[in-house]
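Grab a pencil and have a look at the fold shown here. Can you work out what it is built from?

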Amino acid sequence: MSITTQVTPYGTLPPAAQMPTRRPVSLPRLQEMRERGEKITMLTAYDATFAAVADAAGVETILVGDSLGMVCQGLSSTVGVSLETMCYHVESVTRGLRRAQGTAWVLGDMPFGSYHEGKEQAIRSATKLMQAGSHMVKLEGGGWTAEIVQFLVERGIPVCAHLGLTPQTVHALGGYRVQGKTEESAVTMKRHAHELQDAGATMLVLEMVPAALSKTLTDELPRCHTIGIGAGNGTAGQVLVMHDMLGVNLGKNAKFVRNFMQDAGGVQAAMAAFVKAVKDGSFPDNAVHAW
């Protein structure tokens with residue numbers, strides 16, 4: 001029986017029989033990476049093919065983000081994304097990973113309005129995302145969310161928190177602005193971060209946060225792996241929206257984004273370049289994040 005590679009519009013994937021054996025990414029493995037100082041890589045993906053390509057490029061964690069509302073649906077913000085839409089895209093991503101014998105850890109965003117009514121709504125929403133294939137759910141905000149995080153974690157659902165610029169509350173924040181610049185807001189963010197770790201969150205996205213504050217939080221949160229986006233290079237890992245790092249978004253890239261497609265021969269090569277740059281510390285550049 002002949003074995004052929006899978007040729008896609010985005011790159012060529014080796015057949016499952018020829019894929020190198022890799023350890024599945026898990027919470028213990030992420031903790032091991034953190035302890036030995038290896039950076040964690042994360043990209044968004046919303047469909048089967050791109051998820052498989054990202055996995056083949058060595059991306060450890062894939063975020064099925066509600067950013068799909070903007071890059072896939074053409075919405076002006078993430079607020080209009082429904083839980084049903086999120087589950088559909090999580091299912092698509094996990095099917096792609098299964099077909100390619102992928103090993104990446106999958107996070108599913110809990111969209112706006114899917115946990116705001118309290119713990120009971122949150123467990124129903126998180127259950128749907130986990131049944132769709134998520135390994136972990138992500139929710140935004142601090143303070144009131146700590147109780148929800150603890151409720152989910154106690155029921156066996158891994159949780160990633162999200163502080164700084166929280167896109168679901170962009171209207172309340174007054175736009176896409178850096179958060180934690182003042183002493184008061186930095187103190188509040190630190191308090192929220194510690195509360196979230198104490199509640200059981202094992203990941204924390206820090207978006208558009210001053211590099212010095214992100215580094216401080218990373219040092220203070222040994223059990224909660226910080227993943228930065230526009231937050232300097234002192235975090236435990238980095239995430240970008242896939243469309244941004246490929247230079248194919250519908251708007252203007254933020255200054256912290258790098259177009260990895262510029263010098264790459266294809267999508268998989270660009271993703272591999274992202275992984276390499278995060279691992280060796282050449283991305284991001286703290287000079288770009290002088291908030």
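Below are two exercises, each with a worked solution.

This is a predicted model, in which local features need pLDDT of at least 70, side-chain atom pairs count only at pLDDT 80 or more, and totals for chains, interfaces and linings use all residues. Residues are numbered from 1 along each chain as its sequence is written, and side-chain values use heavy atoms, with hydrogens and water left out.

**Exercise 1.** Find which strands form the closed barrel, and look at one pair in it.

Step 1. Know your terms: strands are DSSP runs (E, at least two residues), numbered from the N terminus, and two of them pair if DSSP finds at least two bridges between them.

Step 2. Follow the order β3-β4-β5-β6-β7-β8-β9-β10: these eight strands close up with parallel pairing.

Step 3. Zoom in on β4 (residues 61–64) and β5 (residues 105–109), which share four bridges. In β5, L107 is the bridge partner of L63.

**Exercise 2.** Describe the lining of the second largest pocket.

Step 1. A pocket is an open set of points on a 1 Å grid over the protein atoms alone, where a 1.4 Å probe fits, with protein on both sides within 12 Å along at least five of seven lines; lining residues have an atom within 4 Å of a point.

Step 2. Of the 19 lining residues, G141, G142, L163, G164 and T166 lie nearest the centre.

Step 3. Helix α8 (183–199; helices are H or I runs of at least four residues) gives the largest share, four residues.
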